Amino acid sequence: MSVQPATVASRDLKVGCRGQLVCPCSLHRLTSSRRHPTRQTTEVRTVATFIAVVAAAMIAGCGPVGEPAAPSAEAPGTPDGPARRIATASGPVMVLIPAGEFLMGSEAEPDSRPVHRVSVSAFYMDKHEVTQEVYERLMGSNPARHKGPQDPVERVRWTDALRFCNARSQAEGLTPCYDLKTRKCDFAADGYRLPTEAEWEYACRAGTAGDYGFEEGAAGLAEHAWFKDNARRRHQPVGQKSANAFGLCDMLGNVREWCNDWYGRDYYAASPAADPHGPEQGEKTVLRGGAFSCTAESCTAWARYCDEPGLTDACVASDDSGFRCVRRAK
Ligand SMILES: [Ca+2]
């Protein structure tokens, strides 16, 4: 089983235990080579509340994962709003993603059309991909193919990510978001969950227009991301590259990131305008952001991937799929 560009969902790439991982990004590149992603500089324009982005940029630098164990004094909350940055009891730092709206998608691929306006409520998001150290401390095992305590955990399926979210919630005395039998998410719970696809793209774009979530476009990818040109064929420790304007690291590249949503190829045509949660059901779930194995063309803010949510055979889980968590901001 393998991750695949969602635009070619009908074509499964099989990956064997002998490690001959087939880069799905090459398939994505083939499908898009005749129709290179269209820059949306003029058509994608974030609006409204992005003054908050400027404030977030003040805390944007990436750095060591082991940051203060108490809420950061450099980004305190106010009587009118939550802290812009918190260090959680389980270790990872989270940053506040302010409420706002943006134009989601791209006209470049069938499943990313149409570009549509979406509003997103405020939420906290992990500054980094979940590391192997954090995952092992909570779950008691490290499934990653390529070991490294500060590297992102990989070979985790969507269902593993849900279990981690609940374990992290319980470890911090929060209400778990997931019913692990039905896989339903309680968005009202105060615990950890995966980001919706809309939250992920909004956070990745961070108030910028274009394909990549930073104004330099593809030319800036090496500064912000580990991808095929610079990753030396494996993921790298988190937080080494420049953060985006919200202060998030490695959104593009390093490992793909599971989202909460079931994948719906035509979902954007019927998506609600406010806090969309994806289809009610599906066969596969969404991944975003591209990975260390991907070309620059495949590491865009809008490119959609999907994969089987459950673990059918541990040895074929992808070594370039990981995740990060979000939780309510109030
Ligand atoms: Ca990533």
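Which residue just after α3 takes a positive phi? Just after α3, G140 has a positive phi of about 80 degrees.

## Model and overall organisation

This is a predicted model, in which local features need pLDDT of at least 70 and side-chain atom pairs count only at pLDDT 80 or more, while totals for chains, interfaces and linings use all residues. Residues are numbered from 1 along each chain as its sequence is written.

The protein chain contains six helices and 14 strands; helices (H or I, at least four residues) and strands (E, at least two) are DSSP runs, numbered from the N terminus. Of its 330 residues, 50% are buried. A residue is buried if 20 or more other C-beta atoms lie within 10 Å of its own, exposed if 12 or fewer, and partly exposed in between, with C-beta atoms placed from the backbone. Among contacts in the protein chain with a separation of 6 or more, 67% are between residues 24 or more positions apart. Two residues are in contact if their C-beta atoms, placed from the backbone, lie within 7 Å.

## The nonpolar core and C165

The largest nonpolar core has 69 residues, of which M125, A161, C165 and A203 touch the most other members. A nonpolar core is a set of buried Ala, Val, Leu, Ile, Met, Phe, Trp, Tyr and Cys residues joined through C-beta atoms within 7 Å. Setting aside residues up to four places away in sequence, C165 touches C177, Y178, G191, Y192, R193, L194 and C325.

R193, one of these partners of C165, lies in strand β9 (residues 192-193). R193 has 25 other C-beta atoms within 10 Å and is therefore buried. Beyond its neighbours within four places in sequence, R193 is in contact with C165, C177, Y178, C185, N260, C325, V326 and R327. R193 and N260 are 67 residues apart in sequence, yet their C-alpha atoms are 7.5 Å apart in space.

Helix α3 (residues 132-139) has Q132, V134 and Y135 as buried residues. Viewed down the axis of α3, these buried residues fall within an arc of 165 degrees, so they line one face of the helix; the arc is that of the directions from the helix axis to the C-beta atoms. The elements that cover the buried residues of α3 include α4 (158-171).

The axes of α3 and α4 are 10 Å apart, and the two helices pack at an angle of about 70 degrees. Axes are lines fitted to C-alpha atoms, for helices over the stretch in contact, and angles run from 0 to 180 degrees between N-to-C directions. The two helices, α3 and α4, are therefore roughly perpendicular to each other; angles under 35 degrees count as roughly parallel, over 145 as roughly antiparallel, 65 to 115 as roughly perpendicular and the rest as oblique. Y135, L138 and M139 of α3 make the contact with F164, A167, R168 and A171 of α4. By class, this contact of α3 with α4 has six nonpolar, no polar and one charged residues. Ala, Val, Leu, Ile, Met, Phe, Trp, Tyr, Cys and Pro count as nonpolar, Asp, Glu, Lys and Arg as charged, and the others, Gly among them, as polar.

## The enclosed helix α5

In helix α5 (residues 197-205), nine of the nine residues are buried, so the helix is largely enclosed by the rest of the structure. The buried residues of α5 include the charged residues E197, E199, E201 and R205, and also A198, W200, Y202, A203 and C204. α5 is followed by A206, which has a positive phi near 50 degrees.

A198 is touched by D275, which also touches V120 and S121, residues up to four places away in sequence not being counted. D275 is placed in the loop between β10 (256-262) and β11 (285-288). D275 counts as partly exposed because it has 15 C-beta neighbours inside 10 Å. From D275 to V118 the C-alpha to C-alpha distance is 7.1 Å, across 157 residues of sequence.

## Backbone features in loops

R113 and P114 are joined by a cis peptide bond, with omega about -10 degrees. P114 is in the loop between β4 (100-104) and β5 (116-120).

R183, although not a glycine, has a positive phi of about 65 degrees. R183 is in the loop between β7 (178-179) and β8 (184-185), and with 16 other C-beta atoms within 10 Å, R183 is partly exposed. R232, which is not a glycine, has a positive phi of about 55 degrees. R232 is in the loop between α6 (221-224) and β10, and R232 counts as exposed because it has 10 C-beta neighbours inside 10 Å.
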